[in-house]
Amino acid sequence: MRRSASAEWRGDLKSGKGTVSSSSGLFSNSPYSFQARFEEGPGTNPEELLAAAHAGCFSMALSAQLGQANLTAESIRTTCTITLEKQGDGFAITESHLELKARVPGASQEAFNKAVEAAKTGCPVSKLFHTNITLKSSLES
């Protein structure tokens with residue numbers, strides 16, 4: 001299975017502008033720019049797209065792990081925050097932080113924690129990142 005997206009950039013770093021598109025067509029020619037990435041400006045940025053990918057992947061992985069324990073989530077809400085920091089002459093993504101709120105009827109805290117940890121390490125996007133991945137979770141009743 002292969003998925004793709006594309007980006008086009010025009011101009012220099014600070015005043016240039018670009019667009020990103022997905023092969024599925026879900027987003028097409030969505031704007032991104034230096035301002036959207038490093039300041040406050042319209043459009044998306046690579047870190048926001050990575051955060052969406054990690055939150056979505058982790059949520060699906062958790063659903064799979066819960067299913068293996070014969071549990072079904074009523075809701076899984078994951079927010080991901082990607083940290084981009086200046087390092088030397090450039091920038092690096094230094095952390096992907098997941099915040100999870102889940103409602104899983106019949107789940108013990110132990111079963112929930114086991115599924116969460118397995119999803120954190122087993123999610124394909126988690127495996128892709130070569131960074132510190134942190135997680136805060138809560139099981140709601």
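Is C80 buried or exposed? At 11% relative accessibility, C80 counts as buried. The model shown in these close-ups is predicted.

**View 1. The cysteines C80 and C123.** The whole structure holds 0 disulfides. C80 takes part in none, and the nearest cysteine sulfur, that of C123, sits 9.3 Å away. C123 is buried, with a relative accessible area of 0%.

**View 2. The largest nonpolar core.** This core has 23 residues, and F58, L62, L100 and V104 touch the most other members. Helix 2 (46–68), strand 4 (75–87), strand 5 (90–103) and helix 3 (109–122) each supply at least two residues. Helix 2 gives the most, with 7 residues.

**View 3. Surroundings of L100.** Neighbours within four places in sequence are left aside here. The contacts of L100 include F58, L62, I76, F112, V116 and L135. R77, T78, K136, S137 and S138 are also in contact with L100.

**View 4. The pair W9 and Y32.** The structure has 3 aromatic pairs. W9 and Y32 form a tilted one, 5.2 Å centre to centre with 55° between the planes. W9 lies in strand 1 (residues 5–10) and Y32 in strand 3 (residues 30–33), so the pair ties together parts 23 residues apart in sequence. W9 is partly exposed at 31% relative accessibility, whereas Y32 is buried at 15%.

**View 5. The cluster of F34, F38 and F91.** These three residues form one aromatic cluster. F34 and F38 make a tilted pair, 4.8 Å centre to centre with 40° between the planes. Both lie in helix 1 (residues 34–38), about one helical turn apart. F34 is buried at 12% relative accessible area; F38 is partly exposed at 31%. K86 lies over the face of F91, 5.4 Å from the ring centre.

Technical notes:
Residues are numbered from 1 along each chain as its sequence is written. This is a predicted model: local features need pLDDT of at least 70, side-chain atom pairs count only at pLDDT 80 or more; totals for chains, interfaces and linings use all residues. Side-chain values use heavy atoms; hydrogens and water are left out. A nonpolar core is a set of buried Ala, Val, Leu, Ile, Met, Phe, Trp, Tyr and Cys residues joined through side-chain atoms within 4.5 Å. Buried means under 20% relative accessible area, exposed over 50%, partly exposed in between (1.4 Å probe, protein chains only). Helices (H or I, at least four residues) and strands (E, at least two) are DSSP runs, numbered from the N terminus. Contact means heavy atoms within 4.5 Å. A disulfide is a pair of cysteine sulfur atoms within 2.5 Å. Rings of Phe, Tyr and Trp (its six-membered ring) pair if their centres lie within 6.5 Å; planes under 30 degrees apart count as stacked, over 60 as edge-to-face and the rest as tilted. A charge sits over a ring if NZ of Lys or CZ of Arg is within 6 Å of the ring centre and within 35 degrees of the ring normal.
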